[in-house]
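Biologist: Please bring up the model and its sequence. I would like to go through it one point at a time.

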Amino acid sequence: MAIAAVARAGGAIGHAIASATNLLDLDVVAIGGGFSRVSPALFEHAREALTERTAFPFVSRVAVVPSGLSDEGPLIGAAALVHRPELLA
């Protein structure tokens with residue numbers, strides 16, 4: 001059941017990345033947070049789903065990588081908002 005959940009989540013992430021990349025021409029997408037460390041297969045599934053949803057040639061070159069901030073990225077972002085509350089307005 002856990003393996004299937006990782007496959008579904010990776011597929012959904014890959015489809016979302018493909019949609020965003022089709023609109024924005026991204027070069028790199030970094031995935032962070034606690035769930036990003038659940039399994040290396042998450043990134044494999046995301047990359048496979050990205051390839052399936054490629055509408056333009058430039059989408060296939062986007063790199064999907066783990067965030068350099070690992071699972072602390074969301075906490076760092078939340079802490080940054082304490083110092084820049086105007087970003088929430």
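Biologist: Leaving aside neighbours within four places in sequence, which residues is Ala30 in contact with?

Modeller: This is a predicted model, in which local features need pLDDT of at least 70, side-chain atom pairs count only at pLDDT 80 or more, and totals for chains, interfaces and linings use all residues. Residues are numbered from 1 along each chain as its sequence is written, and side-chain values use heavy atoms, with hydrogens and water left out. Contact means heavy atoms within 4.5 Å. With neighbours within four places set aside, Ala30 is in contact with Val65 and Ser67.

Biologist: How far apart are the C-alpha atoms of Ala30 and Val64?

Modeller: Ala30 lies in strand 1. Val64 is 34 residues away along the chain. The separation between the two C-alpha atoms is 6.0 Å.

Biologist: What pattern does the protein chain follow, read along the sequence?

Modeller: Helices (H or I, at least four residues) and strands (E, at least two) are DSSP runs, numbered from the N terminus. The protein chain has 3 helices and 2 strands. Along the sequence the order is α-β-α-β-α.

Biologist: Is Val28 buried or exposed?

Modeller: Val28 is found in strand 1, and its C-alpha is 5.3 Å from that of Val62, 34 residues apart in sequence. Beyond four places in sequence, Val28 touches Val62, Ala63 and Val65. Buried means under 20% relative accessible area, exposed over 50%, and partly exposed in between (1.4 Å probe, protein chains only). Because its relative accessibility is 52%, Val28 counts as exposed.

Biologist: Which residues make up the largest nonpolar core?

Modeller: A nonpolar core is a set of buried Ala, Val, Leu, Ile, Met, Phe, Trp, Tyr and Cys residues joined through side-chain atoms within 4.5 Å. In soluble globular proteins, nonpolar side chains tend to be buried together. Here the largest such set has 9 residues: Ile17, Ala18, Val29, Ile31, Phe43, Leu50, Val59, Val62 and Val64.

Biologist: Which backbone oxygen does the side chain of Thr21 reach?

Modeller: Thr21 is in helix 1 and counts as buried, because its relative accessibility is 0%. Outside four places in sequence, Thr21 touches Leu26, Phe58, Val59 and Val62. A polar contact is a pair of N or O atoms within 3.5 Å; within protein, one must be able to donate a hydrogen and the other to accept it, and residues adjacent in sequence count only if both atoms are side-chain atoms. At 2.8 Å, the side chain of Thr21 reaches the backbone oxygen of Ile17.

Biologist: How far does the backbone oxygen of Gly33 lie from a polar atom of the side chain of Ser36?

Modeller: Ser36 is placed in the loop between strand 1 (28-31) and helix 2 (40-52). Ser36 is buried because its relative accessible area is 9%, and beyond four places in sequence it touches Ile31, Leu42 and Phe43. From the side-chain polar atom of Ser36 to the backbone oxygen of Gly33 the distance is 2.6 Å.

Biologist: Buried residues make up what share of the protein chain?

Modeller: The C-alpha atoms fill a box of roughly 40 × 35 × 20 Å, taken along the principal axes. Of the 89 residues in the protein chain, the buried share is 26%.
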